[in-house]
Amino acid sequence: MISTRGRYALRVMLDLAERGEAGFIPLKDVAERQGISKKYLEIIVKDLVNAELIEGASGKGGGYRLVREPKDYSVGEILELMEGTIAPVACLASGAKECPRASACETLPMWAEFDAMMHDFFYSKKLTDLLRKDS
């Protein structure tokens, strides 16, 4: 399941993408438009800044903005940054220890197929695919 951190990070990124021409966008404006606590968003944008997906500026005219074009961000990279892994089972998570039951696990091929479908789906979706067409 995707947590609020992942979902809210996507909403922040979309909000910034929709207003990209405006320069740096104050976080309080994003929080107000998205109906999300500014304090919670501060935690999320810190992770996005540390991962160099967005950049921040303080002071008058400060806020946050994307560092790349919206078409250059995949939903998958944002979700995996915030969630750690989106693997459906622990044994398929990145860096997981090899499962001692892997060779005998009758369900592993199904989970691996589902994991590949999810990965391909989220990494094929770009921020531009999610932007409102009227914005």
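Which residues of helix 3 are buried? The views below take you there step by step. This is a predicted model, in which local features need pLDDT of at least 70, side-chain atom pairs count only at pLDDT 80 or more, and totals for chains, interfaces and linings use all residues. Residues are numbered from 1 along each chain as its sequence is written, and side-chain values use heavy atoms, with hydrogens and water left out.

**View 1. The buried residues of helix 3.** They are Leu41, Ile44, Val45 and Leu48 (buried means under 20% relative accessible area, exposed over 50%, partly exposed in between, with a 1.4 Å probe and protein chains only). Seen down the helix axis, these residues fall within an arc of 100°, so they line one face of helix 3 (the arc is that of the directions from the helix axis to the C-beta atoms). On the other side, look for the exposed Lys39, Lys46 and Asn50.

**View 2. The packing partners of helix 3.** Its buried residues pack against helix 1, helix 2 (27-34), strand 1 (54-57), strand 2 (63-66) and helix 4 (75-83). Helices (H or I, at least four residues) and strands (E, at least two) are DSSP runs, numbered from the N terminus.

**View 3. The two ends of helix 3.** At the start, a side-chain oxygen of Ser37 comes to within 3.2 Å of the backbone nitrogen of Lys39. Just after the helix, Glu52 takes a positive phi of about 60°.

**View 4. Ile2, in the segment before helix 1 (4-18).** Ile2 counts as partly exposed because its relative accessibility is 24%. Leaving aside neighbours within four places in sequence, Ile2 is in contact (heavy atoms within 4.5 Å) with Arg7, Leu79, Glu83 and Ile86.

How values were computed: Polar contact = N/O pair within 3.5 Å; in protein donor to acceptor, adjacent residues only side chain to side chain.
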